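Me: I'd like to go through the labels used for this protein. Could you show me the structure and then tell me what stands behind each one?

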Amino acid sequence: MEGYQENSLRGNVFRSIRDGILNGKYKEHEELREVALGKELGVSRTPVREALRQLELEGLVTIIPNKGAYVTGITEKDIDDIYEMRFMLEGLCARWATKHITEEQLDELDEIIFLSEFHARRENSSAEQIAELDGRFHKVLYEASQSRMLSHVLTDFHRYSRMSGKSSRAADERARKSIREHKLILRAIRDRDADLAEQLANEHVLHVLQNLRRQGMEEDSQINRRV
């Protein structure tokens with residue numbers, strides 16, 4: 001997936017359209033017209049067509065011959081599946097990061113946690129700010145694993161996972177717990193305890209998944225009560 005995203009025209013077009021799908025700019029089932037996208041992005045139809053083909057491989061777009069390309073989007077099951085896979089891989093990443101992480105990366109993780117706690121305490125901080133710091137924390141860990149393939153896979157998974165973010169009190173409380181879990185993971189990595197780092201990283205993802213499922217059940221219950 002990530003290999004396509006080189007710093008090139010077609011890579012930039014691919015990222016622009018994909019980000020538009022993931023942040024909701026392009027809605028599920030919406031048709032993605034090559035000419036319109038080309039005008040919007042200031043490019044010809046060729047890089048747009050190539051990007052749409054790649055997005056189809058990633059499951060974000062469906063191309064119907066003689067009709068057009070349509071947004072598939074990320075379903076709740078997709079998010080659930082992604083967290084299940086992250087549960088298996090985040091621990092491995094933390095284990096490898098324990099072996100290879102640099103002092104500079106450790107200091108960067110310290111700074112990210114400090115900023116995360118700062119924003120979590122502020123009433124006017126946005127959920128997006130905290131989510132961005134969460135993404136930076138995981139990005140550093142992915143890079144510290146020194147596995148290009150694992151980093152690429154987890155980076156994409158984490159990007160898709162952010163589609164499930166919700167600005168609710170439950171989500172805010174989960175964000176604070178995530179920061180505390182990040183601190184424990186970092187402490188284990190600093191202590192070079194690979195077993196504990198792996199366990200804590202896996203539990204961290206599991207807790208997020210459990211929270212999402214609980215929120216989903218609560219939303220279903222509210223819908224049923226209204227019906």
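Reply: Happy to; let's start with Arg192, which sits in the loop between α8 and α9. This is a predicted model, where local features need pLDDT of at least 70 and side-chain atom pairs count only at pLDDT 80 or more, while totals for chains, interfaces and linings use all residues. Residues are numbered from 1 along each chain as its sequence is written, and side-chain values use heavy atoms, with hydrogens and water left out.

Me: Why is Arg192 called partly exposed?

Reply: Buried means under 20% relative accessible area, exposed over 50%, and partly exposed in between (1.4 Å probe, protein chains only). Arg192 has 41%, so it is partly exposed. Arg192 also has a positive phi of about 60 degrees, although it is not a glycine.

Me: And what makes His29 count as exposed?

Reply: The relative accessibility of His29 is 64%, so it counts as exposed. His29 lies in the loop between α1 (9-22) and β1, and it too is a non-glycine residue with a positive phi, here about 75 degrees.

Me: Is Ser178 buried or exposed, and why?

Reply: Ser178 counts as buried because its relative accessibility is 9%. Ser178 belongs to helix α8 (residues 169-190). Leaving aside neighbours within four places in sequence, Ser178 is in contact (heavy atoms within 4.5 Å) with His204 and Val208.

Me: Why are α4 and α7 called oblique to each other?

Reply: Helix α4 (residues 76-100) and helix α7 (residues 148-161) pack at an angle of about 140 degrees, with axes 10 Å apart. Angles under 35 degrees count as roughly parallel, over 145 as roughly antiparallel, 65 to 115 as roughly perpendicular, and the rest as oblique. The pair α4 and α7 is therefore oblique.

Me: Which residues of α4 and α7 meet there?

Reply: Among them are Ile79, Leu89 and Trp96 in α4, and Val153, Phe157 and His158 in α7. The residues of this contact divide into 13 nonpolar, 2 polar and 2 charged. Ala, Val, Leu, Ile, Met, Phe, Trp, Tyr, Cys and Pro count as nonpolar, Asp, Glu, Lys and Arg as charged, and the others, Gly among them, as polar.

Me: How do you know where to be careful with the model?

Reply: Look at pLDDT, the predictor's confidence in each residue, from 0 to 100. The protein averages 86, but pLDDT stays under 50 over residues 1-6 and over residues 166-170. Where pLDDT is low, the predicted coordinates should not be read in detail.

Notes:
Helices (H or I, at least four residues) and strands (E, at least two) are DSSP runs, numbered from the N terminus. Axes are lines fitted to C-alpha atoms, for helices over the stretch in contact, and angles run from 0 to 180 degrees between N-to-C directions.
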